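The points can be read in order.

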Amino acid sequence: MGGTLATTSKVIDSSTSLPEYEPHALALDPMHDRMLQVALAANAVFSTASGLILSLAPGPIGDAMGGLSAPVLRGIGVGLLGFAAYVVWVRTRSSRQPELVIGITLGDAAWVLSSVALLLLPVPLSPIGAGLVVGVAGCVALFAVLQLVGLRELGRNRRGSTHARSGFE
């Protein structure tokens with residue numbers, strides 16, 4: 001019995017340590033991270049495409065939407081390209097930080113609310129413009145919901161593990 005205690009002490013006192021606990025990170029688990037990965041990838045692709053279109057052709061887009069300002073649309077396009085780069089950066093991190101994904105989701109929610117405000121304000125939108133605003137807002141709202149569902153799935157599948165939960169379980 002004394003030999004067992006000595007052996008156990010050597011194992012416990014050895015230089016092998018447990019992985020560090022990261023309070024704000026979720027380790028990637030390919031099976032359970034898929035929803036979040038797909039949602040962030042779709043968000044980045046859509047934001048990049050929208051940003052390129054608005055940056056490269058703000059005049060024709062503004063005309064089709066009812067005469068919106070080309071410089072404003074170009075600025076929105078450049079902002080979307082920066083947002084897309086940030087989404088890619090968050091997506092490719094080795095550990096997922098829920099607060100970064102929540103920040104992206106809040107940005108998506110702000111876009112949707114701004115779109116609603118644009119539709120309610122006396123802005124001269126053509127039917128094509130109103131349709132584009134509604135369609136883009138719908139896509140962005142979908143990304144936000146999928147990102148939250150992905151975070152919730154990660155949190156749910158982390159119960160009992162040493163990793164932090166997302167706070168959505």
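1. Basis. This is a predicted model, in which local features need pLDDT of at least 70 and side-chain atom pairs count only at pLDDT 80 or more, while totals for chains, interfaces and linings use all residues. Residues are numbered from 1 along each chain as its sequence is written, and side-chain values use heavy atoms, with hydrogens and water left out.

2. Fold elements. The chain has six helices and two strands (DSSP runs numbered from the N terminus: H or I of at least four residues for helices, E of at least two for strands). From the N terminus their order is α-β-α-α-α-β-α-α.

3. Whole-chain values. The chain has 169 residues, and 29% of them count as buried (under 20% relative accessible area; exposed is over 50% and partly exposed in between, with a 1.4 Å probe and protein chains only). Among contacts (heavy atoms within 4.5 Å) with a separation of 6 or more, 71% are between residues 24 or more positions apart.

4. Main core. The largest nonpolar core has ten residues: L36, L40, A44, V87, V90, L100, V101, I104, L151 and L154. Such a core is a set of buried Ala, Val, Leu, Ile, Met, Phe, Trp, Tyr and Cys residues joined through side-chain atoms within 4.5 Å. Two or more of its residues come from each of α2 (30-56), α4 (70-91), α5 (98-120) and α6 (127-157). Another core, of six residues, lies apart from it and includes L54, L68, L80 and V133.

5. I104. Which residues does I104 contact, leaving aside neighbours within four places in sequence? They are L40, N43, F83, Y86, V87, V90 and Q147.

6. Helix α5. This helix has 23 residues and spans 33 Å from first to last C-alpha, close to the expected 33 Å (1.5 Å times one less than the number of residues). Its buried residues are P98, L100, V101, I104, T105, D108 and S115. Between S115 and L132 there are 17 residues in sequence and 10.0 Å in space, C-alpha to C-alpha. L132 belongs to helix α6 and counts as partly exposed because its relative accessibility is 40%.

7. Surface. M35, in helix α2, is partly exposed because its relative accessibility is 33%. Together with V145 and V149, M35 makes a nonpolar surface patch of about 220 Å². Patch residues have over 30% relative accessible area and no salt bridge, with nonpolar side chains (Val, Leu, Ile, Met, Phe, Trp, Tyr) joined within 5 Å; a salt bridge is a side-chain nitrogen of Lys or Arg within 4 Å of a carboxyl oxygen of Asp or Glu. Areas come from the Shrake-Rupley method with a 1.4 Å probe.

Key
Patches are made of residues with over 30% relative accessible area and no salt bridge: like charges are joined within 9 Å, nonpolar side chains (Val, Leu, Ile, Met, Phe, Trp, Tyr) within 5 Å.
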